[in-house]
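Opening the notebook on this one.

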Amino acid sequence: MAALDHAFRYSGPSKLRDSADGRALALVSEAAPESSESGRFLSAKALVPDVTAKGLRAVSDIVGSRFYVPPAMLARILREADPVATVGPSAVRFEGFSACCSTYIRLDLYDDALEVSERRHGTTNVDFGAELRGALASVGRETALGLSIGARDVTVARDGHEIIEKKVPLPVRWLKGFAEVQVVIAEMEPVFRLPRVAAQRYLRALPRGKADHQLWVSYAGGTARVSTRETQGAVPLRGVQRLRVLEPLTALANDLQVHVNQRTGATSWALDFGSQRLWLVLNAEPWRGFSGDGGVLSKIASEDDTAVAAVRAQLNWQDRIDMTTLAGATGLTISEISRALAKLAAIGLLGFDLHSGCYFHRVLPFDMKRVEGLNPRLKAARGLVDKGTVYIKGDSALVESETAVHTVSPSEEGWRCTCPWFAKNGIERGPCKHVLAVEILLDQ
Amino acid sequence: MREDEDFLSFVCSSSGADVLKTLAALPEKERRHGKAVSMLFRKAFLTWFADGDAEKPVIKDPDAVVVAFFATCSMTDLKSLRFVPHLKRVPLTEIFAALRPSWTQEFVEHMVDKNPHAIASLAPLWKAGLCERPKGDALILGYYEYAVWRTSALEERNLLERDVWRFFEVGGGGEYSLANHDKFAKSATWSNRLLKYSASGRLDRQRLLDASLDALERDFSQYIAGWYSRFHSALQPTNEEQRDRARRYLTLLSSAIPPTVSFAMKHVQALEKESALDPLDLLEALNPVLQARAKGTVMAALKLAERVAKKDAALAGRAMSKAVLALVSEDAGVQSKALDLIEAFGGAEDEAVRSDLAVYVDLLAPSLRERAARLAGARTPVDTASALAPAPEAAQPVEPVANTAAAISLFLQVLEDARDPFAVERAIDGIARFGAELADNEIAISPLRKRAGQILKLPATTGLRMVLAETGRALASPDAPMATPEELGQGKLDPVGAQAVHLARNAEILRHVAGGYRLPMLSLPCDSSGTVMVETLAGRLPEYRAAGVTPGITDLSLALMRLQSERRNGQAYDLSCEHETDRAFAYALGEEVAIGPNPSLWAAAWRARPGNAVDDRITALFKEDLPNCGAPARMHLEVDRKDSESGEFRWITVQVPTTPIMRTRKRILPALFFHQAKNAYFSELGSGHTFAEIAWASLIHPTDPEPFFREAILAQDTYQKLSDNPTRGYLEPFFRPGPNVGQMVAAVLVYYLGCEDASVRARAEDAVLAAFATDRLEEAAFGAALRTFILADALPTGRWTKSLKAIAAAGAEQQVRDAIGRVLDFSPEATPRDIGGLLELFFELCTSTGSLPEQAAILRCLWGIPGGGKVSKFRKKLLDLAEA
């Protein structure tokens, strides 16, 4: 399995300390912001501290979770990454991705959740040790909680000056999934909204153990109903244990909003606290990584990078990227901008906020350049084109692949193929390599 | 230095001391032959026993190889070591003192980090000053390893001055934790040892008390955290010591670990009794506890809130607001207690409390809704019993594939995913209709040839997938005929199972395809009920006659088994009785025809024939009495409990004996194979072992599923939990239009509701709801089956209670109430365990449906039920309700 070794390097551990004003949560970041003497991205006071603390703990919990362990990986030591923090003009976001690549979580803190005294835009990893996670549980509603994100917040730790370095092999599929999940979120649509008490009851009623069988969740008459049968308006759910992270927070939320991506079956479960929002995005199956969904493959297969470059030049840590404004600034059509944004999201430069319905700018703090070239399906498709094994025949195409000739033909839902991958996944997980090869050839 | 061979010869023939002396005389850089020594080391200690052909090297003194290894190896070799090699004569310290390797520190830290067990071997090195003592967490984990501690490898001075305090920072995991150590250490526990140190003054008691609370604030798992709470309790903090830590206990009430919350609650309760807590702080800290899952914890928190309100009337409002939070509990007892508190302190007059309370009214137990509504000043909820979950859709037509492209596409699809039996049947029908054209189209058929070949080579291919792949292979390569069940998958396909029938049917179809015919598959279901309409089959058979083709016996047998019950008037159809197949069809419609000679076909025709009256001409074809082969099979359910000799364990045994007794396992006979299943022999289940296979088998005889459900009962292992439990496939018929439920079917539903596997229970709950919604399941049959299983007292009654609660909540309140009513008819000595929850549910359902428990049998049963607690409470409530 391809992996990139990423060394998380911090000047010390993040800490929740007692301070003169109450408690201070000093999150130590990997990078320091440019042009900041204090070395801080953020210095603020949490206005709803219990929600912020529990939300951060939830982000950290998901980052440290693996909901599915492939048999071949059982013996391997599972190391975890750290959450990613983005400080934007009007929102601070903490996001994380489970080790199994099937679950994404993000805590959005809007301006009325923080009293900000210092802010520098940027994205960075933040250290989140087990001790900090435990301490966050003790933050109550009345706790005065300061929050800072910076590279030099803790310079002296136990045993004198200490550099914390965690070398973590980050699988390419993890990096790709972390980026691509944004495109999956962008395609989601709202389904229903559970009021607080109904949401609490629903989460409490879910099976306590691991439950990977297919369930459907619907909402009617003030209660959520879970069934093994698909009914009108129900959302699919598998691996319910992934939702458990929301349970301690639900009592503090106004409601639980549910979105679904009809193409992939991924769902989003958002707790709305008013000034903060916690998003938990689950892929359709716990053993399925977002990286394999391939929703953007057709878009990124295109060789035309002009639009992408033009749109990229306009990115400046916006919390809401307005396509009309971008169209005006770049002279591109909305459709071209939409494609470019999807491609930028897939390489870790954008996140998607379902609440505003817009992308926001952030730069995943990993070496994403190497990831771009490592998409196996895209690589294989380009290989087929290069070998000259794709033949366009009327409105269909034939693709030679070893001992078989696959027929790629148009249908109402898009291209169809006679390969096993398409037979298994249909259009749910993006195009197969043969369809991609045909698209590349037609694009040339 | 000599060449590799000479050097190895020297090592193998010398003592460890001699090799050490020789190598120690050389500077580190000049000690070569590392690769060769490393190989020798591996052969001598690691791999010779794993490789049967390898000879163990002849070595005079194994210590010599270890010395040579340490003298010449690279860091890569060292890092691949999983343990420190054992030495017999030369101590490790002597080797390292003589060789002085530059990598000693790195090696020691690496080994300790990798395997804390290595500390016992390596500690002498740092004790001798040959390296520094490692500082990482792994050293602390070493203390948690029983064997390491026993060897006294670790110095007591270090332990008491530094390391012991890190016990409270390093939780560990897996086998390395204090909890795990003490669990298996009998009396030699770390807990006892630390208590002794504390008692003797060698460890600061106050620091130990604080450190254990520090540990509980860390993010340790429940198992690991348990040690620290137990240790804190074992220190028996005095009242004063508890008072000093009052704030810490309150903080721990928000712990994510339920036992830690319970632990903190005990101390908080003690402190509250002494009035050592600020009441406002206490109420604030109770927030998370009041919404905990554990009933006992919430009840304790409610009591605390009540005491605060009693002590200070000014805080009653706050206490009531907190009590409202507890209403999120699903437990009626907790809800009732919370309402008691609200009522007692005048919640009905408090606007804020009333407003908060109103949100919960509809979600409370039915018996409490009216009371809560009165307190909240809200309207009493009308019976909010929701409508039953949607019934399965009416029968939807099964459309045959339209063209060659659709046929190949669907076939490739079912090769990858065959969970939908209708898709499988459409795919085979597609082959029957378009296979001849496909076979001539090399481009179209090539993906199928390739994929079928790949699947057949897979080592773990299931029966259904093998059958489909073999069908695809034979279509794409007509020169090699279809394999027999015995040939396919090297005996993995049961020759008398459902997939053997499937294979035989597909082989018949491919024979027609090979002849260039485009004919419909006779057994293709007409709609989603899985049945074949009489007029459709009557229309398909003439196509065969017109083509001069004799229908396949298996295909026709399946078609007859699937024949719809309606419109069986043979005279309405143009029946030719020229061939045996035509006569069998006519016989299935009730006509009198000449019988034989093919037994399988006639058994199927007999099963399809209305009434299933005994027909000696059919039984004569078999030369022995067989179930459902000319005479109906008779089945009855036997549910029993078995106890282990010690009485500690009990388990359920479920049998469904059938007469006549089936003694043969030789025939492929669609009419028969469900009766071949024997309990406890999973491999003898005719339907198969995967969801897809079982779902396909459920279509074999959709109009009389009793034998299929007999197998469903025998196939279930109630104690097994699987991530994709195939037995859920047995419930598929409930989600299709179908016949009314019989005795065996009700038993399947009830039995499956009692399974340990939550996925099976959840599916069974939906199956019950679907059966109720379509009026296919009578409360009487369901209640009778429920009574049989619950009174057997072999499985926890709580499982049924939980499922029945879910079924009632989904709209089947009256049906569930009536079913439980039928269970409540037993003598006092037959009372099953754990019946309290069921009585509580019955009480709530009687309240919500307004159906009082008036029947004499129920009242007699209630009067006689022994037991206290919940049983006694709800027995009394039910009797009161009956009197009212």
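**Chain A overall**

I started with burial: 53% of the 444 residues in chain A are buried, where buried asks for 20 or more other C-beta atoms, placed from the backbone, within 10 Å of the residue's own. This is a predicted model, where local features need pLDDT of at least 70, side-chain atom pairs count only at pLDDT 80 or more, and totals for chains, interfaces and linings use all residues. Residues are numbered from 1 along each chain as its sequence is written, while chains are lettered from A and ligands numbered from 1 in the order in which they are written.

Next I looked up secondary structure, and chain A has 13 helices and 26 strands (DSSP runs numbered from the N terminus: H or I of at least four residues for helices, E of at least two for strands). The radius of gyration of chain A is 22 Å, close to the 22 Å from the globule rule for 444 residues, so chain A is as compact as a globular protein of that length; the radius is taken over C-alpha atoms, and the rule is 2.2 Å times the number of residues to the power 0.38. I noted a C-alpha trace spanning about 75 × 55 × 50 Å along the principal axes of chain A.

**A helix pair in chain B**

I then checked helix 26 (residues 404-416) of chain B against helix 28 (residues 442-457) of chain B: they pack at about 15°, axes 11 Å apart. The two helices of chain B are therefore roughly parallel, a label for angles under 35 degrees.

Key. Buried ≥ 20, exposed ≤ 12 C-beta atoms within 10 Å, placed from the backbone. Axes fitted to C-alpha atoms, helices over the stretch in contact; angles between N-to-C directions. Parallel < 35°, antiparallel > 145°, perpendicular 65-115°, else oblique.
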